[in-house]
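Let's take a friendly walk through this protein chain and its metal sites. Have the model open beside you as you read.

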Amino acid sequence: MLGILISAVMLLVWNGSHFFQQISFATDRIDGGIQIASTALTLNVALILFGWRRYVDVQHESQMRAESEDRAALIATTDAMTGLLNRKGFADRATVLAGAACGDGERMVMISVQMHRFKGINDRHGYDVGDELLRRLAAAILAVVDREVAVARLSGDEFALAMVRSPGDRPAIEIIGEALIRAITKPYQVEDKHIQVGVFVGIAMAEAGPVVVAELLRRADIALDHAKSSRSARPVWFDGGMERALLAHSEIEQGIRFALEHEQFEPHFEPQIDLETGELVGFETLARWNHTLSGIIMPDMFIPVAEEIGVIGRLSEQVMRAAFVHAATWDASINLSVNVSPAMLGDPWLAQKIVRLLRETSFPANRLVVEITESSLFTDIDQARTIVTSLKNQGIRLALDDFGTGFSSLSHLRTLPFDVIKIDRSFIATIQRDRQSAAIVRAVTTLATALDVPVTVEGIEDASTHAAVLAMGCAVGQGWYFGKPMSAERAGEMVRARKNHGVPVSSAGPIKAAG
Ligand code: C2E
Ligand code: CA
Ligand code: CA
């Protein structure tokens, strides 16, 4: 540009002087020629200066234009709140990464991250606190990964990461997923509030060949949904089976609505045994869908869908009511446990609804134990506390279910007045061969004993596990060794047999007579 300008100026100087040379000839070399030549020179200098000014202006204009274009592009591709990429920016960056991945025989990896019921935080603490927390979470996510990873906030509480890794890097990717979970679920202080959020993580790795970014993100989202419905505190990888399950989902949804209308949800009962004496002390109520064509359908097929479509409360009430009606006719020493889903704790009327069911069925409150999983305590610990306090005021007991699988178990023992801790089946299943599981069960039992809270273990499948958990000091147990979940009729028979004859109804379990 400068070169062109200098050439143009030189041309002007030459043309100018040539022109004035001719003029001086025409005026018969009079002295005035000198004056004309100096005017020409002045004109030329003015032209040079004018040209230079123009050059500087053009240069400035184009720089400004480039800067404002950059700024517009940045705004269009950045999430204003967190400074991460937005959906468009992420798609662009991921597409570039995908091109690189394809070329080097490496694979593109997509991680979907979503906070667990973040809306509750906004509702409870206000949007300013919610926004600040999102900014902190964004920073925490960035701190986990290196600079080559594309990180975006796609919407409200949904984040995504795209990176390129080799197919053998799965364990390392999983470690990233776990680090994200740890970074997000640690306690944050925003203003004067101490907030802890749960999170779910889904991961998808592209197959060999060209990558369609949107498709890979969809797969990571399917894995994320899976993590949500199985309440997994660990990252979940996408697999083809999840996609097939998605197709069945809409059929299940229709079926659930029909089943609610026609009261097809019914309680089954799993015996709970005093591990020391072998006596039957109660039952856990477990929902079953008694489907006209398919027969008995297990809860993992319908509970997550019922939660998702917002009918879990109705469904659980249907099951509870029937369970209370049956159990009200059993011996007064038999307790009944019922499961309450995380979604149900969002209902401020939950305690009142349960109390009304008790009144209507004449089942005594002091024989009821409400089981709450840890993950349900995350969103709104204050609301959970209100519900729990109302339940406890009525004489209902409270169990912390699936202990050990949640995000930060021990803190909940201090914040809510649990009467029972139920150690998750996954620890019990491996207690004999995995030293870590055994150590966890032993430590939890010691801690619970110190807090004066009895421990119930689930998933006891054989005599040696029974002996092991008894030796560790666990009070009550349940599992297939003592009896699988059974119909109300069979449960009633079991209660009566225990009372009348002291005969163990379970073929395997050592159930003894009541004293
Ligand atoms: P959960 O509360 O942890 O229930 C224990 C699950 O472990 C039950 O599965 C039970 O059948 C199973 N189980 C018990 N002992 C053994 C054993 O020795 N070996 C093995 N392999 N499994 C054993 P189920 O009935 O499929 O229930 C699954 C989950 O569905 C429950 O987990 C609970 O979270 C949920 N659920 C069940 N009924 C209801 C309900 O009425 N309302 C709500 N909200 N959730 C329910
Ligand atoms: Ca349970
Ligand atoms: Ca459980």
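A donor here is an N, O or S atom within 2.8 Å of the metal, or within 3.2 Å for Na, K and Ca; water is not among the atoms, so sites may look incomplete. With that in hand, the donors of the calcium ion (ligand 2) follow the spacing E-x54-N-x31-E-x29-D along the chain. Please keep in mind that this is a predicted model.

## The chain as a whole

The protein chain contains 17 helices and 16 strands. It has 515 residues, of which 46% count as buried. Among contacts between residues at least 6 apart in sequence, 69% join residues at least 24 apart. The chain exposes about 25,900 Å², and carbon and sulfur atoms supply 57% of that area.

The table sets out the two sites.

| Ion | Protein donors | Donor distances |
|---|---|---|
| calcium ion (ligand 2) | Glu-284 (OE), Asn-339 (OD1), Glu-371 (OE), Asp-401 (OD) | 2.1 to 2.3 Å |
| calcium ion (ligand 3) | Asp-401 (OD), Asp-402 (OD), Glu-458 (OE), Glu-458 (OE) | 2.2 to 2.5 Å |

Which residue coordinates both ions? Asp-401 does, and the calcium ion (ligand 3) and the calcium ion (ligand 2) are 3.8 Å apart. Distant parts of the chain are linked here: Asp-401 sits in strand E13 (residues 397-403), while Glu-458 lies in the loop between strand E15 (455-457) and helix H16 (463-471), 57 residues apart.

Asp-401 has 5% relative accessibility, so it counts as buried. Asn-339 has 27%, so it counts as partly exposed. Glu-458 is buried, as is Asp-401.

## A five-strand sheet

Now for the sheet. Five strands form an open sheet in the order E2-E3-E1-E6-E7, with mixed pairing. Its edge strands are E2 and E7, each of which pairs on one side only.

Strand E3 (residues 158-165) is mostly covered, with 8 of its 8 residues buried. In a regular strand the side chains alternate between the two faces of the sheet. In E3, Glu-158, Ala-160, Ala-162 and Val-164 point one way, Phe-159, Leu-161, Met-163 and Arg-165 point the other way, and all are buried.

On to the partners of E3. Strand E1 (residues 107-116) runs antiparallel to E3 and is joined to it by 8 bridges; Gln-114 has Glu-158 of E3 as its bridge partner. Strand E2 (residues 150-155) also pairs with E3 in the antiparallel sense, over 5 bridges. E2 and E3 form a hairpin with 2 residues between them. Across this pairing, Ala-152 has Ala-160 as its bridge partner, and Arg-153 stands opposite Phe-159.

Helix H6 (residues 170-185) has 16 residues, which at 1.5 Å a residue should span 22 Å; its end C-alpha atoms are 22 Å apart, in agreement. The buried residues of H6 are Ile-173, Ile-176, Gly-177, Ala-179, Leu-180, Ile-181, Ala-183, Ile-184 and Thr-185. They pack against E1, helix H5 (127-144), E3, strand E4 (188-190), strand E6 (198-205) and strand E7 (236-237).

Helix H11 (residues 350-361) has 12 residues and reaches 17 Å from its first C-alpha to its last, close to the 16 Å expected at 1.5 Å a residue. Which of its residues are buried? They are Leu-350, Ala-351, Ile-354, Val-355, Leu-357, Leu-358 and Thr-361. Viewed down the axis of H11, these buried residues fall within an arc of 155 degrees, so they line one face of the helix.

Just after H11, Ser-362 takes a positive phi of about 60 degrees.

Definitions and conventions. Residues numbered from 1 in each chain as written. Chains lettered and ligands numbered in written order. Predicted model: local features only at pLDDT ≥ 70, side-chain atom pairs only at ≥ 80, totals over all residues. Heavy atoms only, no water. Helix = DSSP H or I, 4+ residues; strand = E, 2+ residues; numbered from the N terminus. Expected span 1.5 Å × (residues − 1). Buried < 20%, exposed > 50% of the residue type's maximum accessible area, 1.4 Å probe, protein only. Arc of directions from axis to C-beta. Contact = heavy atoms within 4.5 Å. Areas by Shrake-Rupley, 256 points an atom, 1.4 Å probe, with all protein chains shown as cover. Pairing = 2+ DSSP bridges.
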